[in-house]
Amino acid sequence: MSKTKKAVLEVVFGVENQGMTGNQSAENWRAIFKDLKMRIERGEVGLQRALPTQTELSRHYSASRHAVRRALSALRDEQLIISWQGKGAFVQRPKLEYRINHRTRFGSNMRQSGHTVTIQLISSAQRNRVPDAVARRLGIPKRHPIFVGEILHTVDGIPTLIGRHYCNLKHFPNMVEEFRRTGNTPTAFATAGIDDYLRENTVVKTRHPTPTEALILDVSLSQPVFELQGLNVDLTGKPIEVTEAIARGDRVQLHV
């Protein structure tokens, strides 16, 4: 085994394994399964790191690819790992509960649950063409000055959700600058005199990510994501914002 392959296994498992001997034969997939399960439960295989490839595991355990595949299949059956084409196999993480209600705030929701959340600004700009669904919900023409802002929520070190925000710039002329400065709409709304607002409704669907979304969320193009489009209104019921949340299906569980 090359030094590089050996290093990969040592980094992932935390210790070096010299392979199986005796009754832990090349075709004993159960022994491979038990060893991997033990390492996962002990935390030797990190949540943010992919398992070694089937070829690397085959060399590591002195086993056939068939034995390794059966062991991985058994781990998937016990929901200990999850696999995605082009990304490999990862230790299954507990899902984050995303509550959808009249005060839907993803970042606040996660922090209140004890998670560490960081927000990264992707873009903040003015557009003059409004997507059809957004125009209908905000009650504005398709050709109209609109704010479009994008942020990435990273939860416990893992990119989890892309948030898109659309606002009528005629009502919020400083939104581009405020969102760029603060990275969130609640603070930007507060500067415009709106201290509170409510979620009127949310439409949920599942789909595959676009290439750009897959890159940002660090997922495979074959991995499903949730798309949530919501309408926020002020306390008089007037529409002020349309939001789109693109959330990793392997990380988020919706609670409606």
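Q: Helices are DSSP runs of H or I with at least four residues, and strands are runs of E with at least two, both numbered from the N terminus; how many helices and strands are in the protein chain?
A: The protein chain has nine helices and ten strands. This is a predicted model, where local features need pLDDT of at least 70, side-chain atom pairs count only at pLDDT 80 or more, and totals for chains, interfaces and linings use all residues. Residues are numbered from 1 along each chain as its sequence is written, and side-chain values use heavy atoms, with hydrogens and water left out.

Q: What share of the protein chain is buried, and what makes a residue buried?
A: Of the 256 residues, 47% are buried. A residue is called buried under 20% relative accessible area, exposed over 50% and partly exposed in between, using a 1.4 Å probe and protein chains only.

Q: Which residues of α2 are buried?
A: They are Trp29, Ala31, Ile32, Phe33, Asp35, Leu36, Arg39 and Ile40. As a general point, an α-helix has 3.6 residues a turn, so residues three or four places apart point the same way.

Q: What makes a group of residues a nonpolar core?
A: The members must be buried Ala, Val, Leu, Ile, Met, Phe, Trp, Tyr or Cys residues joined through side-chain atoms within 4.5 Å. The largest such core has 20 residues, and those with the most contacts inside it are Ile32, Leu36, Ile40, Leu72, Leu75 and Ile81. Elements giving two or more residues to this core are α2, α4 (65–77) and β2 (88–91). Helix α4 gives the most, with six residues.

Q: What is Ile81 in contact with, leaving aside its neighbours within four places in sequence?
A: Contact means heavy atoms within 4.5 Å. On that basis, the partners of Ile81 include Ile40, Leu51, Leu72, Leu75 and Phe90.

Q: Why is the pair of Phe147 and Phe179 called edge-to-face?
A: Rings of Phe, Tyr and Trp (its six-membered ring) pair if their centres lie within 6.5 Å; planes under 30 degrees apart count as stacked, over 60 as edge-to-face and the rest as tilted. The structure holds four aromatic pairs. Phe147 and Phe179 are 5.1 Å apart centre to centre with 65° between the planes, so they form a pair and it counts as edge-to-face.

Q: What does the pair of Phe147 and Phe179 tie together?
A: Phe147 lies in strand β5 (residues 143–155) and Phe179 in helix α7 (residues 175–182), so the pair ties together parts that are 32 residues apart in sequence. Phe147 and Phe179 are both buried.

Q: Which other residues are buried in α7, and where do they pack?
A: Along with Phe179, the buried residues of α7 are Met175, Val176 and Glu178. The buried residues of α7 pack against β4, β5, β6 and α8 (185–191). Just after α7, Gly183 takes a positive phi of about 75°.

Q: What makes Arg105 a charge over a ring?
A: NZ of Lys or CZ of Arg must be within 6 Å of the ring centre and within 35 degrees of the ring normal. The charged end of Arg105 sits over the ring of Tyr197, 4.1 Å from its centre. Ring pairs also link Tyr197 with Phe172 and Phe189 into a cluster.

Q: What is the phi of Asp156, and where does this residue lie?
A: Most residues other than glycine have a negative phi. Asp156 has a positive phi, near 55°, and lies in the loop between β5 and β6 (158–168). With a relative accessible area of 32%, Asp156 is partly exposed.
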